[in-house]
Amino acid sequence: MLYIAGFLSCALIIFFAGRQLSKYGDLLAEHTGWGKAWVGLILMASITSLPELMVGISSVVIVKSPDLAVGDILGSCAFNLGILAILDAFVPRRRPIFSEASPSHIVSAALGIILLTLAGAGLFLPEDILVSSILGIFSIIFIVVYLVSIRIIFLQDQKLKAAVVISETTHPGPDMPLKVVVRNYIFFALIIILAALALPFFADHLAESAGLNKSFVGTLFLAASTSLPEIAVSIAAVRMGALDMAVGGLLGSNIFNILILSLDDIFYPGGPLLKEASDSHQLSVLATIIMSAIVIIGLSVRPAGKRYKLGWDALLIFFVYILNLILLYHLNT
């Protein structure tokens with residue numbers, strides 16, 4: 001019961017601190033004049049991925065469990081797309097989410113597929129080319145591809161700004177001094193970091209006491225907990241009419257998550273991280289690639305309406321996510 005209480009407490013702290021962090025991150029963007037699309041894809045994505053970063057480092061340094069670290073990252077990528085599917089139910093006028101969102105998100109989803117494919121290759125290949133005694137070549141590739149992806153997204157955002165004037169919703173009280181915004185931003189970021197550092201400890205003991213495999217625990221429980229800021233930010237964005245910020249933040253978070261794998265690899269002392277993790281994580285990679293492909297199809301086809309609470313594309317994404325969890329559970333028991 002102590003481990004359950006600790007795990008749930010950390011999860012709640014991350015959720016509520018994540019909401020505040022997104023608020024002050026958005027205010028910071030207003031002060032600096034950054035666009036909402038750029039904020040969603042880059043700033044919000046990196047902000048909401050702070051728990052994944054800290055949980056990954058804690059998993060490989062303190063708990064020394066590559067399966068928890070890799071499972072958290074890949075599980076978070078799948079969970080983010082699951083959130084995207086659920087958000088379809090909250091879009092007004094019974095419109096599918098991918099018909100309301102900008103087609104420009106296709107680029108982010110495609111870049112996510114490229115990074116996920118590289119992660120899958122790192123898990124699949126029997127050996128990794130070592131850059132140092134503990135660092136594999138795939139970690140270097142993740143960093144390079146991430147930087148190229150950010151450049152591509154930035155150039156696309158500049159083209160969109162030149163082509164159309166985007167009307168943006170502002171937060172109440174935009175006159176808050178920059179000094180206060182930065183101070184509060186740092187405060188809530190530190191809270192998330194501290195809570196995220198404790199999560200792997202409770203998750204590791206929960207896995208042992210419940211007899212569950214750490215790959216499954218990382219993919220489900222850790223991933224859901226560290227994705228709580230994404231849930232908070234996405235719901236808030238949809239409610240204030242900033243649908244593109246929600247979609248861009250979730251897809252951008254997946255891109256940033258793969259970068260975190262390379263950072264975890266740097267901190268892991270036991271060798272190349274992907275080679276030490278379970279092969280069962282390949283299933284999560286495959287499922288997330290399929291879900292990302294459905295996102296691209298939805299953004300390309302742009303269905304006019306939906307008969308039920310969720311559109312066909314959102315239903316497919318949700319089905320693939322649930323199927324992935326079921327297969328992982330059976331594979332690891």
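Okay, let me start with a term: buried means under 20% relative accessible area, exposed is over 50%, and partly exposed is in between, with a 1.4 Å probe and protein chains only. By that cut-off Cys77 is buried, because its relative accessibility is 0%. Cys10 counts as buried too, at 8%. And disulfides, meaning pairs of cysteine sulfur atoms within 2.5 Å? The count is zero.

Quick housekeeping. This is a predicted model, so local features need pLDDT of at least 70 and side-chain atom pairs count only at pLDDT 80 or more, while totals for chains, interfaces and linings use all residues. Residues are numbered from 1 along each chain as its sequence is written, and side-chain values use heavy atoms, with hydrogens and water left out.

Now the core. By nonpolar core I mean buried Ala, Val, Leu, Ile, Met, Phe, Trp, Tyr and Cys residues joined through side-chain atoms within 4.5 Å. The largest one has 91 residues, and Val295 and Ile317 are among those touching the most other members. Helix H4, residues 66-87, gives the most to this core, with 13 residues. Helices here are DSSP runs of H or I, at least four residues, numbered from the N terminus.

So what does Val295 touch? Leaving out residues up to four places away in sequence, its contacts (heavy atoms within 4.5 Å) are Leu81, Leu84, Phe98, Ala109, Leu251 and Ile317.

Back to H4: 21 of its 22 residues are buried, so the helix is largely enclosed by the rest of the structure. Then there's H11, residues 243-267. H11 is mostly covered, with 21 of its 25 residues buried.

Definitions and conventions: Helices (H or I, at least four residues) and strands (E, at least two) are DSSP runs, numbered from the N terminus. A disulfide is a pair of cysteine sulfur atoms within 2.5 Å. The expected span of a helix is 1.5 Å times one less than its number of residues.
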